[in-house]
Amino acid sequence: FKDLFREQMERERKFVQDVQIDTDVEMLIPDEYVSNIDERLRLYTELDNIETEEGIQKFSESLKDRFGPIPAVVEELFEGLRLRWVAKSLGFDRLILRNNVLRCYFHKNAQSAYYESAIFDRLMKILGTQGRTLGVQLKQSAARLLMIREKTGSMRKAREFLISLQTLAETTPAQN
């Protein structure tokens, strides 16, 4: 019972408040699409506050109604937002996607309760037993633990990979 209660509390707790994404993938609202700077800034702020797929769909429809067909770079911006949600739920607070290599940085605070959580425990178990199969390496930098996956050439592929990792974590029993 205590373990079930602990897992439920962890699901409700957010270990990561925000995720920084650094990428060479172009994702933005172009000047040609929304020419007014103040309007673009307002749209970025509105987009940053969206937390559901339904919210992205409403935002997208609103853009189409006001400005026309959505450019590919704006679709990439939506993918970045979706990627951020998954990364946050897994405990990554920074992602770098450059040159087809995805680097996921675990929570920066080494004293965080995240490192005693079931999700971290499950991820370590998965990466320890299936890391090679998944094409993933764990590395310890000077200050942080990170997961590296090569051959991840797009925001969508990165998100799909993290979703598959999340699904594995949800179905893997925690270590005792």
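Mentor: The account below treats the sheet, then its turns, and then the helices.

This is a predicted model, in which local features need pLDDT of at least 70 and side-chain atom pairs count only at pLDDT 80 or more, while totals for chains, interfaces and linings use all residues. Residues are numbered from 1 along each chain as its sequence is written, and side-chain values use heavy atoms, with hydrogens and water left out.

Five strands make up an open sheet of mixed pairing, in the order β1-β2-β3-β5-β4. Helices (H or I, at least four residues) and strands (E, at least two) are DSSP runs, numbered from the N terminus. Two strands pair if DSSP finds at least two bridges between them. At the edges are β1 (20–23) and β4 (136–140), each of which pairs on one side only. From one strand to the next, the twist averages 20°; angles run from 0 to 180 degrees between N-to-C directions, and axes are lines fitted to C-alpha atoms, for helices over the stretch in contact.

Consider the pairings in turn. β1 and β2 run parallel and are joined by four bridges, with T23 having L97 in β2 as its bridge partner. β2 and β3 run antiparallel, joined by six bridges, and here L97 stands opposite L102 in β3. Of the seven residues of β2, five are buried, so β2 is largely enclosed by the rest of the structure. Here buried means under 20% relative accessible area, exposed over 50%, and partly exposed in between (1.4 Å probe, protein chains only).

The loops deserve attention for their backbone angles. Most residues other than glycine have a negative phi. β2 and β3 form a hairpin with two residues between them, and N99 in the turn has a positive phi of about 50°. N100, in the loop between β2 and β3, has a positive phi of about 65° although it is not a glycine. Its relative accessible area is 46%, so N100 is partly exposed. K151, in the loop between β5 and α6 (155–171), likewise is not a glycine and has a positive phi of about 60°. K151 counts as exposed because its relative accessibility is 73%.

Two helices lie against the sheet. Helix α5 (residues 118–134) lies across β3 (101–106), β4 and β5, and runs at about 125° to β4. Contact means heavy atoms within 4.5 Å.

Helix α4 also meets another helix. α2 (residues 37–48) and α4 (residues 72–90) pack at about 30°, with their axes 11 Å apart. These two helices are therefore roughly parallel to each other, a description given to angles under 35 degrees, with over 145 counted as roughly antiparallel, 65 to 115 as roughly perpendicular and the rest as oblique. In α2, Y44, L47 and D48 meet L77, F78, L81 and R84 of α4. By class, this contact of α2 with α4 has five nonpolar, no polar and two charged residues; Ala, Val, Leu, Ile, Met, Phe, Trp, Tyr, Cys and Pro count as nonpolar, Asp, Glu, Lys and Arg as charged, and the others, Gly among them, as polar.
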